[in-house]
Amino acid sequence: LRIGPTKVEKSTGGAWTDITGTALTGATTDIPQWAMYRDVLYFTNYGQDRMRYWNGSGNTTEIATAPWAKSILSYYGFMFAFYVSTDGTTFEPRQGLYSEDPQNDWTLCEGNELNFHETQGAITTGAVFGRTALVVKEDGLVYLRWIGGPVRFAQELAKGAPGSLAPLAGQSIGEKGYLYLGTDYQLWIATANDVIAMPPKVKDILRNDLYRTNVKYCRSCLNEEQNTYSLFFPLDSGGNTGRITLNYTTGEFAYSTYPSHGWDAVEAFRWAYTSPVSVVGVVNTTPYTLDVDTVKNDEISASSDVVPSRYYDTDWLQYANMNEGRVMQAAAQFTGAGLIFDSANYAKVAISVALDHKNQFRFRKVYDLRKKHVDDEYTTIRYDTPPLQCEWVNVRIEFFPSVTENPVLRAGWLYFIPQPDKRDINRGGSISQE
């Protein structure tokens, strides 16, 4: 399905059919949101019209008893509407309503009004991960949890969590949490008890390149098969032409741009139940396949003269001797790393290291990944360097595939020699010892 300013269309066999019913009165700047509730699709076009539903056949139906809402959420047997209005004109930016019969009655549940006054900002969206719902606001996050009884739900402010101005930039990552773009232009994962910042280099890209005026129009999608989250964001007023793809389990990420395409919408889905996940993007009403639904090896190239490669940076890591949560000692000498790869007869990797926030990678060594014994599944590499005085290290791993094999990194660790005579130092790169 696709939601436009004035109509909703369904694609069957590549042909688009209008299933709107009564025309929508939206605009191209709307940020539509949708949710599934008891096998029925509900959606809103940013409060321009009342909430609608589509049950899989016929046209969409406007719900005459529902409020106007800029955001909706399905959670624990209820449909929620956030940032609501009873007349379509005056909206309550911190208010939510819920119903267990959303097609017919929004007053059936006694006390079905929730107010999120934990912060002053407006609600931008909602999300569910595990048994926790998350109400995302412009200036914070509020946990919403089912507790039963006449009260039904408990609210709790997520302390220290930034809010979000980009409602469609967030994705629930299964039971792990909710990955979103914060108002500090950094990616965060909100878990049931904490919020965790993503790699600093991702933050640097977003803070330097993202066109902040249009941040609310960011889009995102999730590929759960590969544990990857993709954020599509504006580099200028020309639309979402930038993309960061982040592996939220390893921290590996890639940054790319689409100079000729500003993506209005993106979605990850399967063509069939057993198909791999595909990512499709849309510009105006034209769909494009962004990530092909078949696995492509890195070594496949249009030109036999091209030897493709890629690399992974660990980002800046620090040795820390902790005592009851406090860093007692950070000074150390870096001496190398241990890395485990899938065994490969012809693929190779190169390892190098940068120190103390200097992007100068040194001590580069190349290793093959051959099996040491015929039954080996994995190859362990010991990367050694002279003792290097530092506080921060960034290890770079370059991957060189063969015609038939790709290097696959499984695990890794770093080696340090602690220096107990130096405690709690904070040395910048300008005075780092070489």
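The following legends describe close-up views of a predicted model.

**Figure 1. The second largest cavity and its lining.** A search of the whole structure finds 2 cavities of 30 Å³ or more. The second largest cavity holds about 30 Å³ of space. Its lining is formed by S164, L165, A166, L181, G182, T183, Y185 and V215. Of these lining residues, 5 are nonpolar and 3 are polar, while no charged residue takes part.

**Figure 2. The salt bridge between D342 and R410.** This pair is one of 9 salt bridges found in the whole structure. The closest N and O atoms of D342 and R410 are 2.8 Å apart. Because D342 belongs to strand β31 (residues 332-342) and R410 to strand β36 (residues 409-418), the pair ties together parts that are 68 residues apart in sequence. D342 has a relative accessible area of 19% and is therefore buried, the limit being under 20%.

**Figure 3. The salt bridge between R382 and D384.** The side chains of R382 and D384 meet at 2.6 Å, taken from N to O. R382 is partly exposed, with a relative accessible area of 44%. D384 is also partly exposed, with a value of 34%.

**Figure 4. The salt bridge between R370 and D368.** In this pair, the closest N and O atoms of R370 and D368 lie 4.0 Å apart. R370 is partly exposed, at a relative accessible area of 41%. For D368, the relative accessible area is 34%, which makes this residue partly exposed.

**Figure 5. A network of salt bridges.** Salt bridges link R2, K7 and E9 in a network.

Notes. Residues numbered from 1 in each chain as written. Predicted model: local features only at pLDDT ≥ 70, side-chain atom pairs only at ≥ 80, totals over all residues. Heavy atoms only, no water. 1 Å grid on protein atoms, 1.4 Å probe; cavity = no way out; pocket = protein on both sides within 12 Å on 5 of 7 lines; lining within 4 Å. Points joined across faces, edges and corners; volume = space filled by probe spheres on them. Nonpolar A, V, L, I, M, F, W, Y, C, P; charged D, E, K, R; others polar. Helix = DSSP H or I, 4+ residues; strand = E, 2+ residues; numbered from the N terminus. Buried < 20%, exposed > 50% of the residue type's maximum accessible area, 1.4 Å probe, protein only.
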